[in-house]
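Good morning, and thank you for making the time. Please look at the structure first.

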Amino acid sequence: MIDSEKFALWHRRAALCWLVFLVAAISFLLGDVQALKLRVDSDLLALLPQKEKNPQEEAALRALSLEGERQWVLLVSAPTEDAARKATALTRKTLEALSFFPQDAAEHSPIDFYAPYRSGLLTDADRQWLARAAPEEPVTRALTLAYAPFSSSPLSWENDPFGFFGNWLQGLGESSPLRLSGGELMTEFMGKSVVALFYSLPGSAFDANIQSGVTEALAEARDVVRQAFPDARLLSAGVVLHAAAASRQAQKEMRLIGLGGLAGTLLLIGLIFQSARALQLIVLSLATGSVVALAASFFLLDRLHLLTLVFGVSLIGVAVDYAILVFAQHLGRRESLWPRFRRILPTLLAALTTPMLAYLCLAITPFPGLKQMAVFAAFGILGAWASVLLFYPYLLPEQLQVPKSAGYATRLLEYWPRWRGSRAQWILALLLLLPVLVGLTRLSVEDDIRSLFSGAARLMEEQRQVSEILRLSSPAQMFIVSAPDTETLLQREENLTARLRQLIAEGKMSGFEAASRWLPSQARQREARALQSKLTESRRRLAQTLGLAPDAPLDSDDTHSVPLLTPKDWLGAPHSQPLRFLWLASAEENHMPPSSLVLLRGLTSPNTTGLLQAIADAREGVRFVDKTSEVSSLMQRYRYLLTKILALVCFLVPLALALFFRRQVWRVIMPVFLSGLFTLALMGYLALPVQMLSLLALFLTLGMGVDYAVFLQAQQKEAHTLLATTLAALLTLLSFGLLALSGTPALATLGLTATLGISFSWMLTPCFCRQADPVALRDS
Amino acid sequence: MKVLFWFCALIFLVCSGLTPRARAEDILQDIHARLRLAPVIRGEFTQNRELARIKKPLVAQGRFIVARDYGMIWETHAPFAQSFRLTESEMMQSNDQGVMMRLSAGQEPMVRVFSNILFAVFSGNVAALARYFHYSGEAREGRWHVRFVPKDAGLARMLQSLLLSGARNVETVEMQSAAGDTTRIDIRAQFYEDALSADDRKRFDD
């Protein structure tokens with residue numbers, strides 16, 4: 001009795017502390033709602049692991065994503081140029097009315113910038129031609145060009161008699177298909193005329209206001225253009241569109257899972273316990289859980305992703321378990337409160353431990369997204385649990401009526417098949433084993449990150465088309481070249497791009513973008529000048545043939561006295577503006593060796609990445625970055641690791657539980673193991689591959705399955721507990737089932753695996769219970 | 001008084017500067033109506049190039065075919081044999097040693113622009129040039145001449161101006177490059193046909 005009073009005193013103090021903590025958490029959250037809102041993220045890349053070990057690579061990728069993040073592009077395509085122009089004019093007008101103004105289509109022509117340096121600029125083809133040209137050939141070439149009706153060089157014939165500079169400029173044209181024509185940037189694609197409009201965002205692509213502004217404007221423009229020009233098409237791409245789609249979807253799912261889960265929970269609890277107070281208590285526990293989860297996440301993490309919140313709301317079903325357990329214990333009892341509460345304390349503690357351990361497994365992976373989910377889930381559950389533990393004793397109603405449904409549960413339990421170890425059951429079990437084994441052999445694995453974050457299919461298709469038309473480079477695969485000085489850097493780039501040109505010729509990729517295309521190394525420029533100096537004799541003969549004054553030689557040697565083109569010159573030129581992100585100048589400021597990006601385009605087969613890796617390995621200072629396969633191989637490593645941990649857990653958990661249950665431990669373990677096996681087998685039949693995430697979901701279900709078994713096994717009055725576990729399992733199923741409907745494959749996988757595992761756990765657990773005489777609830 | 005005169009002259013100039021668009025449009029339509037269009041046009045030409053700083057004009061002679069739905073082939077016979085073929089999607093220059101330059105519209109979108117312009121010029125479809133150029137000119141007693149100036153800075157870097165003149169046909173084409181080279185082409189002996197012969201069709205194929 002004294003013990004009970006002491007316990008009550010301590011409990012009151014703890015409850016008071018918890019109340020103070022909750023008030024603090026609420027004021028932290030309400031303190032600056034706007035600032036916290038801005039920390040909610042919809043950038044999928046933020047969920048993927050960052051490479052901590054390589055700041056240079058990170059700087060490069062950051063530069064690249066910043067370059068792309070604030071841009072969105074709109075392509076207007078139509079069968080004829082006229083139609084494309086008219087549709088573009090209408091698009092411009094529509095968007096300008098919504099205050100979206102495209103970037104000025106002014107073109108900074110590089111011709112005047114490069115012309116003085118032309119003696120050092122030769123295409124690969126011309127370099128090779130010059131190196132092996134017979135003495136007669138240059139003269140013939142120049143005369144042919146002189147007599148040709150049209151010239152492809154922007155310089156007069158006397159300044160570019162062999163057409164080398166014209167050819168070199170044409171090489172620059174490879175980098176973008178857009179040409180300024182009639183005030184618009186235009187190109188041709190598959191027989192259609194395409195106009196490109198580039199828009200820059202007034203702020204971040206992850207700002208909700210900007211997202212809705214852009215989506216609405218785009219929808220409006222599509223509408224207007226479709227009506228006026230039925231055969232014109234608008235294609236759009238940009239990070240902002242993906243971010244907008246992702247956050248729209250996440251918000252929709254949060255509403256669906258949140259409201260669906262909450263409504264289901266309240267409905268079931270209300271039906272079964274038929275008490276308004278019980279409903280209030282459930283809401284209290286869920287509300288404190290949410291407050292603690294949000295406060296802890298914002299306190300511990302820089303940013304919180306929308307998908308974390310989607311996953312978070314699916315925890316409603318898990319968080320109500322504690323309340324349900326307490327209610328079930330409270331049913332029809334007349335015993336005083338404290339002794340009863342002390343008795344279920346160990347069960348409540350045990351029930352907290354397993355999910356916490358499961359979420360810890362989420363947190364050990366290097367995926368920021370999973371870490372966020374782990375933090376959010378662990379604190380949310382802890383919050384709901386603490387409220388049940390600390391507030392409920394003061395708020396529970398005097399008595400909860402034993403519901404009619406408890407009688408059904410008792411009867412259900414009587415008819416539930418039990419494992420008795422009879423011969424018939426062994427035969428049945430062995431017969432059942434066969435399809436399970438077949439299912440297991442059908443299991444496949446999947447580590448590709450793209451299968452987890454697919455993005456909206458329509459947007460991805462549009463993005464692909466836009467990239468193809470505009471010849472955009474892949475943001476996920478590239479080379480990073482670095483060297484002790486800029487000259488070596490450019491030489492390394494040239495060596496690399498020479499090899500890439502071979503791959504292009506072999507059809508393995510379609511192009512690349514590199515600074516050295518625009519800025520040849522000094523060595524390359526000197527080589528070109530040396531080759532051109534072989535032409536002095538040809539120039540003299542040409543001058544003679546065409547009657548030029550001997551003292552004014554052709555393409556006079558003064559271009560040779562011009563200093564060579566340097567990185568500083570190039571970076572200062574206006575035309576290099578859109579390309580400067582290739583040149584990682586920030587590396588120099590941070591006392592890192594100079595480095596640059598070589599971007600790739602149109603890799604045709606996944607096998608090529610192996611080849612590109614080999615190309616990088618064979619060259620000093622060249623690194624191949626493949627974000628996609630890097631993350632995928634990380635997922636594979638963690639899938640292996642989680643498999644090992646799972647095996648270890650399967651060995652350790654029975655040992656630990658054996659301390660409590662002694663020789664009966666198999667009754668707790670069997671349902672959990674079997675439900676894991678059944679889940680995997682069913683996944684084999686459903687052709688759902690095993691992924692890192694499905695293993696994590698198995699961990700979650702393992703935790704909950706053990707909980708159910710522990711509850712059922714530890715409590716003498718099975719029917720009460722069966723009612724509680726049934727209710728808990730149903731609500732968890734509801735939440736995870738709703739999560740399985742998510743449009744984000746990662747969340748759907750998590751939800752589906754958990755749904756399967758929990759269903760099996762719930763069905764199998766009573767089968768392995770001791771056949772105690774079920775005590776009718778009325779008698780207690 | 002003198003001041004007033006200059007003032008009036010200035011007003012006149014400004015006003016005339018404001019109106020030429022309507023008049024010029026008329027002139028292009030007018031000329032377009034006079035020109036004979038046919039599915040296939042053949043002819044002979046003399047090409048006269050004046051290159052900056054080179055006093056000696058470079059004179060070449062040859063033949064051409066312009067075929068609707070195919071493109072055009074420009075063959076120089078003297079003093080150097082070379083051919084220039086232009087289709088909607090490709091530009092190719094070759095001589096007896098082989099292909100010297102080949103550029104597709106897929107690689108370089110400007111090919112399509114050049115192709116449109118040159119095809120319009122040599123097939124007599126001058127109305128199509130309005131898309132790319134500002135123009136002004138005169139038509140009188142059966143003869144006409146029009147001067148075209150590119151609307152776009154990009155095009156102007158290659159071609160500063162284009163001068164066409166003729167009567168029932170385009171007879172002379174004068175192209176002034178921005179870099180200072182001038183090419184004048186005189187067209188003689190044009191023949192109009194309804195279809196391309198099988199042999200000629202092959203030349204557009206490979």
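Three salt bridges are found across the interface of chain B and chain A, a salt bridge being a side-chain nitrogen of Lys or Arg within 4 Å of a carboxyl oxygen of Asp or Glu. One of the salt bridges joins Arg131(B) to Glu81(A), with 2.9 Å between the closest N and O atoms.

Before I continue, some conventions. This is a predicted model, in which local features need pLDDT of at least 70 and side-chain atom pairs count only at pLDDT 80 or more, while totals for chains, interfaces and linings use all residues. Residues are numbered from 1 along each chain as its sequence is written, chains are lettered from A and ligands numbered from 1 in the order in which they are written, and side-chain values use heavy atoms, with hydrogens and water left out.

Between chain B and chain A there are also ten residue pairs in polar contact, both residues at pLDDT 80 or more. A polar contact is a pair of N or O atoms within 3.5 Å; within protein, one must be able to donate a hydrogen and the other to accept it, and residues adjacent in sequence count only if both atoms are side-chain atoms.

Which element gives the most to the side of chain B that touches chain A? That is α3(B), with five residues. Helices (H or I, at least four residues) and strands (E, at least two) are DSSP runs, numbered from the N terminus. By class, that side of chain B holds 20 nonpolar, ten polar and nine charged residues. Here Ala, Val, Leu, Ile, Met, Phe, Trp, Tyr, Cys and Pro count as nonpolar, Asp, Glu, Lys and Arg as charged, and the others, Gly among them, as polar.

As for extent, 39 residues from chain B and 39 residues from chain A take part in the contact, which means heavy atoms within 4.5 Å. The two chains bury about 3600 Å² between them, with 57% of it on carbon and sulfur atoms. Buried area is the accessible area (1.4 Å probe) that two parts lose on being put together, summed over both. Arg53(B), Phe80(B) and Arg157(B) supply 18% of the area that chain B buries against chain A, more than any other three residues.

I turn now to the domains of chain A. Domain 1 covers 1-50 + 274-401 and domain 2 covers 406-461 + 629-780, with bounds from an automatic or database domain assignment. Their C-alpha centres lie 23 Å apart. The area buried between domain 1 and domain 2 of chain A is about 3000 Å², and carbon and sulfur atoms give 80% of it. Between these domains there are zero salt bridges and three residue pairs in polar contact. On the side of domain 1 that touches domain 2, α14(A) gives the most, with ten residues. That side comprises 26 nonpolar, seven polar and two charged residues.

Helix α12(A) is largely enclosed by the rest of the structure, because seven of its eight residues are buried, that is, under 20% relative accessible area, where exposed is over 50% and partly exposed in between (1.4 Å probe, protein chains only). Among the buried residues are Leu306(A) and Phe311(A).

Finally, consider Glu184(A), in strand β4 of chain A. Is Glu184(A) buried or exposed? Its relative accessibility is 10%, so Glu184(A) counts as buried. Its side chain makes a polar contact with the side chain of Arg92(A), at 2.9 Å.
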